[in-house]
Amino acid sequence: MGCFGFLKTMMFIFNGIIFLAGAAILGVGIWVKVDSGSVLSFLQNIQGAPGELGQVLNVGYLLIAVGAVLLILGFLGCWGAIRESRCMLLLFFIIILLVFIAEVAGAIVLLVFKPVAENLIKQLGSEAVKSIRNDYGKNPDVTGLWNTTMTTLKCCGFNNYTDFTNSFFVNDTKSYPFQCCNRVPCVEFTAFNSTIPGCFPALKKLVDDNAVIIIAVALGIAALELAAMIVSMILYCKIGSKQD
C-alpha cells in the first residue's frame, strides 16, 4: 500500500468512526424527543445510575444538532475518500476550516479582547435573567434547559437566586426552584441563607479549576482538525493530479 492508499484508508476509518458516532448521537436525540417516556423508564432501570442522568431528556435538540453535523462530516470525508470525490473532500475541508477559524476567533476574543468578552457575557447574562423571569416554569424547553444546567453545576440562576425574584415561577408557585436551596421548602428566606452559587460563577470556577485539562483537550481537538484538513487537501490534490 502506497502513501496515497494509506491516507485513503486512514481517512475512511477516521471519518467512518465520526459517521457512526454522529448516527448514534442523532438517533438518541430523536429518540429522546419522540419517546421521552420510554427513555426515562430506561434510565431509571439502570442500576447505580445518578438521578441527574434523567436530565438528558432536556438536551434532545442539542444531541440532534451535534449528531447531524458529525453525520454530515463523517459522510463527506468517508465517501469522498473512497469514491475519490474532489467535491466532497473540498467541502469536508471547508467545513473543518470554518470550525477551526471560529474556534481560533473565539480564543482570540477571550484572550486578547477580554473586556469585549466580559461585556458580551454581561449582555448574555441580562438576556438569561429575562428568560428566567419570563419563561421559567412556563416554557418547557427553557425550564428543562435551566433545570439541567442548575442540577449539573449545582447552581441557581445565572447570577444567584435573585434572578428568580418576581419571576413567573415564583409568583405562580410561591417558591424557588429546589436547586436554589440546601433544604425544602425553598422560599426566599431559605434561598437567601443557602450557599448555592449562581451558574455563571459556578461555571467560571469549574473552568478555572480545570484550565489545564481544557487547554489540553482544545489543543488535541485543534491538532485533529489540522490533521484532517491536511489529509483531505493532500487527497484532493493527488486525485486532481491523477485525473489530469
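Tutor: Buried means under 20% relative accessible area, exposed means over 50%, and partly exposed lies in between, with a 1.4 Å probe and protein chains only. At 0% relative accessibility, F164 therefore counts as buried. Please note that this is a predicted model, in which local features need pLDDT of at least 70 and side-chain atom pairs count only at pLDDT 80 or more, whereas totals for chains, interfaces and linings use all residues. Residues are numbered from 1 along each chain as its sequence is written, and side-chain values use heavy atoms, with hydrogens and water left out.

Student: What percentage of the residues of the protein chain count as buried?

Tutor: Of its 244 residues, 32% count as buried.

Student: How many helices and strands does the protein chain have?

Tutor: Helices (H or I, at least four residues) and strands (E, at least two) are DSSP runs, numbered from the N terminus. The protein chain has 10 helices and zero strands. Helix α6, for example, covers residues 140-153 and contains T151. With a relative accessible area of 14%, T151 is buried.

Student: Which residues have the most contacts inside the largest nonpolar core?

Tutor: A nonpolar core is a set of buried Ala, Val, Leu, Ile, Met, Phe, Trp, Tyr and Cys residues joined through side-chain atoms within 4.5 Å. The largest one here has 21 residues, and Y136, W146, M150, F164, Y176 and C180 have the most contacts inside it. Two or more residues come from each of α5, α6, α7 (168-173) and α9. A second, separate core has 17 residues, including F4, L89, F93 and A228.

Student: Which residues does W146 touch?

Tutor: Contact means heavy atoms within 4.5 Å. Leaving aside residues up to four places away in sequence, W146 touches A128, S131, I132, Y136, G157, F158 and C199. Across the protein chain, among contacts between residues at least 6 apart in sequence, 66% join residues at least 24 apart.

Student: How many aromatic pairs are found in the whole structure?

Tutor: Rings of Phe, Tyr and Trp (its six-membered ring) pair if their centres lie within 6.5 Å; planes under 30 degrees apart count as stacked, over 60 as edge-to-face and the rest as tilted. The search finds five such pairs. One of them, Y136 and F164, is edge-to-face, at 5.1 Å centre to centre and 75° between the planes. Y136 lies in the loop between α5 and α6 and F164 in the loop between α6 and α7, so this pair ties together parts that are 28 residues apart in sequence. Y136 is buried, with a relative accessible area of 3%.

Student: Why is the pair of F158 and F200 stacked?

Tutor: The ring centres of F158 and F200 are 5.4 Å apart and their planes are at 10°, so the pair is stacked. F158 is in the loop between α6 and α7 and F200 in helix α9, 42 residues apart, and the pair links these distant parts of the chain. F158 counts as buried at 14% relative accessibility, whereas F200 counts as partly exposed at 29%.
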